[in-house]
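Please read the following note alongside the model. It is set out as numbered points for discussion.

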Amino acid sequence: MSKVESGKTVKLNYTGKFENGDVFDTSLVEGREPLKTVLGQGNLIPGFEKGLLGMSEGETKTINIDPVEAYGEYLDGLVTKVEKKQVP
């Protein structure tokens, strides 16, 4: 069985969770297709892509991603509060 490597197309289901266990995104919703992408093209956050490398078809894995290999550290100064009525 082949292993996941850069340049290969992968199709997978995933569930993204915060450290406290709250789900922020998942492909396991009725009507939603599994994620399909070619690794090594920069379509995924680096930590997620690194965690997929070397996996085999049918394998299940938990990948913990440091903020630096995801969207970066949380910065209070970059948060803007918007009233709900201002959002279409």
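1. Basis. The model is predicted, so local features require pLDDT of at least 70 and side-chain atom pairs pLDDT 80 or more, whereas totals for chains, interfaces and linings use all residues. Residues are numbered from 1 along each chain as its sequence is written, and side-chain values use heavy atoms, without hydrogens and water.

2. Fold. The chain has 4 strands and 1 helix, in the order β-β-β-β-α from the N terminus. Helices (H or I, at least four residues) and strands (E, at least two) are DSSP runs, numbered from the N terminus.

3. Overall dimensions. The radius of gyration, taken over C-alpha atoms, is 16 Å, while a compact globule of 88 residues would have a value near 12 Å. The globule rule is 2.2 Å times the number of residues to the power 0.38. Buried residues (under 20% relative accessible area; exposed is over 50%, partly exposed in between; 1.4 Å probe, protein chains only) make up 20% of the 88 residues.

4. Pocket lining. The largest pocket is lined by 43 residues, and Tyr14, Thr15, Phe48, Ile63 and Ile65 lie nearest its centre. Two or more lining residues come from each of β1 (9-12), β2, β3 and α1 (46-52), with β1 giving the most, 4 residues. A pocket is defined on a 1 Å grid over the protein atoms alone, as an open set of points where a 1.4 Å probe fits, with protein on both sides within 12 Å along at least five of seven lines; lining residues have an atom within 4 Å of a point.

5. Aromatic pairs. The count is 2 aromatic pairs, where rings of Phe, Tyr and Trp (its six-membered ring) pair if their centres lie within 6.5 Å; planes under 30 degrees apart are stacked, over 60 edge-to-face and the rest tilted. Tyr14 and Phe48 are edge-to-face, at 6.4 Å centre to centre and 65 degrees between the planes. Tyr14 lies in the loop between β1 and β2 and Phe48 in helix α1, so this pair ties together parts 34 residues apart in sequence. Both Tyr14 and Phe48 are buried. Phe18 and Phe24 form a tilted pair, at 4.9 Å and 45 degrees.

6. Asp22. Which loop holds Asp22? Asp22 lies between β2 (15-17) and β3 (23-26) and is partly exposed, with a relative accessible area of 45%. Not counting residues up to four places away in sequence, Asp22 touches Gly16 and Lys17, contact meaning heavy atoms within 4.5 Å.
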